Amino acid sequence: MYLAADKGDITTIIGGIAPNWGPFGSLGNEARIMVEVVMAVAILLCLGIAIWGAAKQRIGATALRDTFSAEQGKGLIVAGLTGVFIIGSLGTLFTIVYGMAV
């Protein structure tokens with residue numbers, strides 16, 4: 001009987017969980033950096049949308065007493081943070097889907 005953790009250590013476990021490049025493993029170093037830069041810009045853009053929504057909600061709810069603006073702010077916050085989550089997990093999602101296909 002073989003035990004799963006017989007010859008492994010923590011780096012084996014962490015290495016198995018951490019996403020690799022999956023289908024993009026054959027890309028060159030410059031292409032990987034470009035993908036990372038595009039994803040970083042998209043995350044910053046989504047964070048900016050969330051911050052803009054928070055400001056819009058705060059100003060609309062208190063200073064102007066505009067409930068429509070406050071509701072728009074809530075929507076922008078949710079959209080921005082959802083975008084950050086989705087973009088942040090794309091590497092893991094690609095790796096899982098690619099691993100299931102192989």
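A salt bridge is here a side-chain nitrogen of Lys or Arg within 4 Å of a carboxyl oxygen of Asp or Glu. The model discussed below is predicted.

**The salt bridge**

The structure holds one salt bridge. Its partners are Glu-71 and Lys-74, whose closest N and O atoms are 3.4 Å apart. That distance meets the criterion because the limit is 4 Å. Side chains of opposite charge can pair when their charged atoms come close. Both Glu-71 and Lys-74 belong to helix H3, which covers residues 67–88, and they are separated by three residues, about one turn of the helix. Glu-71 has a relative accessibility of 48% and therefore counts as partly exposed. Lys-74, at 39% relative accessibility, also counts as partly exposed.

**The loop between H3 and H4**

Ser-89 occupies the loop between H3 and helix H4, the latter comprising residues 90–101. With a relative accessibility of 16%, Ser-89 is classed as buried, because the class takes in values under 20%. The side chain of Ser-89 reaches the backbone oxygen of Phe-85 at 2.9 Å. A polar atom of the Ser-89 side chain also lies 3.2 Å from the backbone oxygen of Ile-86.

| Residue | Relative accessibility | Class |
|---|---|---|
| Glu-71 | 48% | partly exposed |
| Lys-74 | 39% | partly exposed |
| Ser-89 | 16% | buried |

**The chain as a whole**

The secondary structure of the protein chain consists of four helices and zero strands. In sequence order, the pattern is α-α-α-α. The protein chain has 102 residues, of which 13% count as buried. Among contacts in the protein chain with a separation of 6 or more, 56% involve residues 24 or more positions apart.

**Annotated regions**

An unreviewed UniProt entry lists residues 33–55 and 76–101 under "transmembrane region". In the model, the span of residues 33–55 is 100% helix and 0% strand. The C-alpha atoms at the ends of residues 33–55 lie 33 Å apart.

How values were computed:
Residues are numbered from 1 along each chain as its sequence is written. This is a predicted model: local features need pLDDT of at least 70, side-chain atom pairs count only at pLDDT 80 or more; totals for chains, interfaces and linings use all residues. Side-chain values use heavy atoms; hydrogens and water are left out. UniProt positions are given in the numbering used here, feature names are shortened, and annotations may be inferred rather than shown by experiment. Helices (H or I, at least four residues) and strands (E, at least two) are DSSP runs, numbered from the N terminus. Buried means under 20% relative accessible area, exposed over 50%, partly exposed in between (1.4 Å probe, protein chains only). Contact means heavy atoms within 4.5 Å. A polar contact is a pair of N or O atoms within 3.5 Å; within protein, one must be able to donate a hydrogen and the other to accept it, and residues adjacent in sequence count only if both atoms are side-chain atoms.
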